[in-house]
Amino acid sequence: MLPTYLLSLREGLEAALIIGIVLGAVSKIRRNDLSPAVWLGTLSAVAVSILTAVLLTSFGMSLEERAEQIFEGITMLIAAGILTWMIFWMGRQARFLKSELEAGVNKAASSTGRSAVFWVAFLAVVREGIELAIFVTAAFFAGDQSQISTNIIQTLAGTILGLGTAALLGWFLFATTVRLDLRRFFQVTGILLILFAAGLVAHGVHEFNEVGWVPAIIEHVWDVNMIIDEDSLGGQLLKTLFGYNGNPSLTEMIAYFVYLITVSIFWRRENTAPAKAPAASQA
């Protein structure tokens, strides 16, 4: 539940900030008649995101044995790749998100009005929603597949609580004009999500070990299940959060540490360099 909560909180807060900025821009140019178009675009994006999550999860659950392992492995690696891109992209764009969105709304309002504003809101929110759908699917399959009903409940609970917290935090920020250091927020959550993404990479390689796509080299580098059983509550929490495996293969561990070290180096370089405005604006 914790991974889906963290992912939903981050993605939900991004979406909440986007909606608030777009509504604020509409109000600033005194075009409150465009607000329904903003909400319609937002709700449409939410519907598409939910449908994407349901389809991905249902498709994965309909597969069996080898096909399911391949699907899970591919999903894990895709989610890790998107998550990595999102962490770096949002860390850079946090300071400039407001000005870019406001420029997009002003341009849309001066052209085709409601239709253009709808698409500004829809495209901005649906990107967050589809990313979250992929992350939630990956987190679901990273959980305990022997207890499907419990896994579903925990995944839904984490997602709903995360989005609810994000909505309340977003409303509080705009209602009270409290300034949140977005760059610092995304830095802190980014560190946790890098660890989560490393776990997804390792889990993906593990699935490919199972189907024979990636050789294990050494099937079990160590076995610490006697200390922390991966099927215990603590083991399941560590598995879902950080890709814990009590008896990992050599290639699984290589993938985990290569990803973690490589991304950490770029992450440190990114966050010690002075922020620069983006060369081109994209809504």
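A residue counts as buried when its relative accessible area is under 20%, as exposed when over 50%, and as partly exposed in between, using a 1.4 Å probe and protein chains only. Asn225 is therefore buried, with a relative accessible area of 18%.

This is a predicted model, in which local features need pLDDT of at least 70 and side-chain atom pairs count only at pLDDT 80 or more, while totals for chains, interfaces and linings use all residues. Residues are numbered from 1 along each chain as its sequence is written, and side-chain values use heavy atoms, leaving out hydrogens and water.

## The overall plan

Let's start with the whole chain. It has nine helices and zero strands, giving the pattern α-α-α-α-α-α-α-α-α along the sequence. Helices (H or I, at least four residues) and strands (E, at least two) are DSSP runs, numbered from the N terminus. Of the 283 residues, 49% count as buried.

A contact means heavy atoms within 4.5 Å. Among contacts between residues at least 6 apart in sequence, 83% join residues at least 24 apart.

## The nonpolar cores

A nonpolar core is a set of buried Ala, Val, Leu, Ile, Met, Phe, Trp, Tyr and Cys residues joined through side-chain atoms within 4.5 Å. The largest one here has 35 residues, and those with the most contacts inside it are Leu7, Leu83, Leu193, Ile194, Leu200 and Tyr259. At least two residues of this core come from each of helix H1 (2-28), helix H3 (65-93), helix H5 (114-142), helix H7 (182-211) and helix H9 (250-272). Another core, of 19 residues, lies apart from it, and includes Ala25, Val26, Ala45 and Val120.

Which residues does Leu200 touch, not counting those up to four places away in sequence? They are Met76, Ala79, Ala80 and Ala138.

## Two helices side by side

Two packed helices are described by the angle between their axes and the distance between the axes. The axes of helix H2 (residues 35-62) and H5 come within 7 Å and cross at roughly 25°. Because angles under 35 degrees count as roughly parallel (over 145 as roughly antiparallel, 65 to 115 as roughly perpendicular and the rest as oblique), H2 is roughly parallel to H5. These axes are lines fitted to C-alpha atoms, for helices over the stretch in contact, with angles running from 0 to 180 degrees between N-to-C directions.

## Residues in the loops

Asn225 sits in the loop between H7 and H8. Leaving aside neighbours within four places in sequence, Asn225 is in contact with Glu230, Tyr244, Gly246 and Asn247.

Pro248 belongs to the loop between helix H8 (233-242) and H9. Is Pro248 buried or exposed? With 0% relative accessibility, Pro248 counts as buried. Beyond its neighbours within four places in sequence, Pro248 is in contact with Glu219, His220, Val221, Trp222 and Met253. Pro248 and Trp222 are 26 residues apart in sequence, yet their C-alpha atoms are 6.8 Å apart in space.

Most residues other than glycine have a negative phi.
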